[in-house]
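The entries follow in the order of looking.

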Amino acid sequence: MINLEKLQNALVEYKKIFDERWQGEKYKWEAVKWFQDHWDINANDFADMFAKATEKTANLLASMNNFPRKMMIQYAQDDAEAVRAMFINLYDESKDVTERILQFQSSAQDLCDRLSPGYQHYQRPMAITVYLCLKYPQKYDIFKYTVCKATGIYLENDFIPTKGHTEQNIKGNSKLISEMQEVVSQDSELIELFENNLDSDCYADESHRMLTFDLSFYIANYLADKTKKAKEDWTGADIDFGISADDWRELFDDESIFNTQSWEVMYRFLDYGGIATCKQLSVKYGETPNFYNTGATALAKRIVEKTGCDIPVKEKDGSKRYWMILFVGRNANSDEDGVFVWKLRDELKEALEDVDFSDTELYADQSENSVNYWWLNANPKIWSFSDIEVGEEQNYTMYNDNGNKRRIFQNFLDAREGDLIIGYESNPVKQVVAICRVTKQNDGENLYFEKIEGLTSPIDYTLLKDAPELEKMEYFMNPQGSLFKLTKGEYDFIMDMVREENQENPIGSEQAESYSKEDFLSEVYMTSEKYDSLKGLLLNKKNIILQGAPGVGKTFAAKRLAYSIMGVKDESRVEFIQFHQSYSYEDFIMGYKPSGEGFELQNGIFYKFCQKASNNQEVPYFFIIDEINRGNMSKIFGELLMLIEKDYRGKKLTLAYNGLPFSVPKNVYIIGMMNTADRSLALIDYALRRRFSFFAMEPGFSSDGFRQYLDSFNDDTFYALIEKIKDLNFEIAKDPSLGSGFCIGHSYFCGQDECTDEWMQSVVEYDILPMLEEYWFDEPAKIQKWQNILRGVFND
């Protein structure tokens, strides 16, 4: 909502100067009329048509250091159909407008990378909304960040745009103009002034939406006092958390709350005067704005947890405003560098003034002994990070093939042992794929580094490029070159994204519960000899399939076999999936999946698992596939049929989709489960069969573990039922149409804390007998016989 009284005041001033103002602003209405008269999406010469249709846009599509129209004409000359497709999608009213804008921007970036690498495409939200306004002026407005922000502040709107939030900003701007439009359309005096000035060269603007935007432009540039601070209505000023200066001093002594980053953030806020935006601190003291934002928020959360204070105010997404325990805040003004202003609470500031900050860095550490951070760009057509094993040292020449120094040569000279590197692969991959470390100082010819981690879920270029925290990153300012400097804040921000997308199980091997052979035998009803054979088979072959009838405990045993070999229940090293008829190579290895308006190449679950295992090759990893014979094995595994073979582990093969090398690590063990009783399932492909060993899982009624389980109940009926099941299995095994692979498994009778007749009868009636009816569907007499035998157990 806006302040209608202030809008009315603005209208009074706007009408006073309207006739004079019209002469300088009339071109906008002329530009729209001209565009609509000359736009033809199906024109044979699209570039010429576009240039003609937009020739009257003047500074709407061209200004100092900003040339969206010029670049779009150039792209249309180079690839008319690509640009035509961009505008077809942009003008498709069946789709959400913000999605169209973001897609247009993404497509422009692709064109830029392909047709003008190293340059900007200039297709920012303002330019794209100009295109929309030219086509649909009654519906869309030109979005200019500074105008929207200044107008919103002046009219005391409940929405103020923030940088980096394109979708919310455009929607908020549209809502603001719509509210203003309702008032403008009812102002007969203004409408008369406007219509008296219109001529045949102008767009009629019957909805008066363009007129409303011009009013907002006037408010932002003439009525909003840029030198005046916004009204200091501080959010949180009316909340007292009851933390005195002495309480703060006591909290300062708790090292679990105040860490190094916390003290740096507090010291810099205090030095700046206690009032600042994160951007202002970033500019003066170093690091990125995100360093101060995340550092302060994390500190505030720890204080809330320690003190038990309640945070009553929430963000629009429902999350709590934890920062309020440290600060009061308000939106930044149009003349303030940043988005949101934080002001230290009085009691906190008083306590901080007594702190000795002599051991805290006021400015970001740039000393000789500090770690530097780098962005290394790999061209996958020449070399790839996937060619490098984790822990393997690689050298990178400081000179190109012509013997000339690489761009930003000083970066190669500044890189020191221990520096950290973000590994990025350029087109067509366009993802952060690895983390590396400089292993030694350059020798004048080469930079030396090692790969310390391959990412199971790489980070896309577009996610990084759209992040306002990285807008000043050296690589994004000019991507020509190989080695680029990162600030610590930029590195930390990228690593936050890396860890968010590549999360590990928080319980590692050190904290996980131990698990031994004895634990396996107590849970899985198998003899010690068979366990030794099974374990040896897996370790030797690396790929096994546990086959057997339902109920023999294949799935239960598979995970516990992995635990027993690892020695711990470490879930982070075990992946469990189930095949089905629709499972494909694209799910398993990689493939194109829907994303927004198009498709993007995404890594499959096995690819990610292999990347994870390659980061820690000293310990085994287990990939478990349930119902392995339900899938089309050749279709799912593709070229990996060779790579999973023991003798080819660690060998690289080029993948079909991305053209990059890939290998299955030697420390990956594959365990499949196959149901032998389901007649509808396909037989295992022979090419795959020779790469797996097959281990028959049999009912464990005679094992020591099951006997102990049986004896624990000491129930005569249970004893009798199990004996009948063993007799039944004997008959199934000798039946030529069935065999041992159809025997009844012991797991139907496991997992009980209490043994009752009701439970046993339900197993017989709803699990065992239906299975027999399927086995002997053409022998009703045999079914009747075993119905009587099994039911008779409960009638003795």
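How many residues apart in helix α31 are lysine 726 and glutamate 723, and about how many helical turns separate them? I noted first that the model is predicted. The two residues are three apart in α31, which runs over residues 716-734, so about one helical turn lies between them. I then looked up the pair itself: lysine 726 and glutamate 723 form a salt bridge, with 3.6 Å between the closest N and O atoms. Lysine 726 has a relative accessible area of 28% and is partly exposed. Glutamate 723 is partly exposed as well, at 37%.

Entry on the whole structure. I searched it for salt bridges, and the search gives 44.

Entry on lysine 139. I found a salt bridge from lysine 139 to glutamate 93, with the closest N and O atoms 2.6 Å apart. This pair links distant parts of the chain, its members being 46 residues apart. Lysine 139 sits in the loop between α8 (125-135) and α9 (145-154), and glutamate 93 in the loop between α6 (80-90) and α7 (97-115). I checked accessibility for both. Lysine 139 comes out at 42% and counts as partly exposed; glutamate 93, at 30%, also counts as partly exposed.

Entry on lysine 785. I went back to α31 and looked up the partner of glutamate 731. Lysine 785 forms a salt bridge with glutamate 731, the closest N and O atoms lying 3.1 Å apart. Here too distant parts of the chain are linked: lysine 785 belongs to helix α33 (residues 780-792), glutamate 731 to α31, and 54 residues separate them. Is glutamate 731 buried or exposed? I read 13% relative accessibility for glutamate 731, and since buried means under 20%, glutamate 731 counts as buried. Lysine 785 is at 38% and counts as partly exposed. I followed the shared partners from here and wrote down one network of salt bridges, joining Glu731, Asp735, Glu779, Lys782 and Lys785.

Entry on α32 and α33. I took the helix pair next. The axes of α32 (residues 757-775) and α33 come within 10 Å and cross at roughly 160°. Because angles over 145 degrees count as roughly antiparallel, α32 is roughly antiparallel to α33. I recorded the crossing of α32 and α33 as right-handed. On the α32 side of the contact I listed Val764, Glu765, Ile768, Leu769, Leu772 and Glu773. On the α33 side I listed Ile783, Trp786, Gln787, Leu790 and Arg791. Sorted by type, the residues of this contact are seven nonpolar, one polar and three charged.

Entry on phi angles. Most residues other than glycine have a negative phi. I looked up two residues against that background. Glutamate 627 is not a glycine, yet has a positive phi of about 50°. I placed glutamate 627 in the loop between β14 (621-626) and α27 (633-637). Glutamate 627 counts as buried, at 16% relative accessibility.

Asparagine 714, also not a glycine, has a positive phi of about 50°. I found asparagine 714 in the loop between α30 (704-713) and α31. Asparagine 714 is exposed, its relative accessible area being 58%.

Definitions and conventions: Residues are numbered from 1 along each chain as its sequence is written. This is a predicted model: local features need pLDDT of at least 70, side-chain atom pairs count only at pLDDT 80 or more; totals for chains, interfaces and linings use all residues. Side-chain values use heavy atoms; hydrogens and water are left out. A salt bridge is a side-chain nitrogen of Lys or Arg within 4 Å of a carboxyl oxygen of Asp or Glu. Helices (H or I, at least four residues) and strands (E, at least two) are DSSP runs, numbered from the N terminus. Buried means under 20% relative accessible area, exposed over 50%, partly exposed in between (1.4 Å probe, protein chains only). Axes are lines fitted to C-alpha atoms, for helices over the stretch in contact, and angles run from 0 to 180 degrees between N-to-C directions. Angles under 35 degrees count as roughly parallel, over 145 as roughly antiparallel, 65 to 115 as roughly perpendicular and the rest as oblique. A crossing is left-handed if the near helix is turned anticlockwise from the far one by less than a right angle, and right-handed if clockwise. Contact means heavy atoms within 4.5 Å. Ala, Val, Leu, Ile, Met, Phe, Trp, Tyr, Cys and Pro count as nonpolar, Asp, Glu, Lys and Arg as charged, and the others, Gly among them, as polar.
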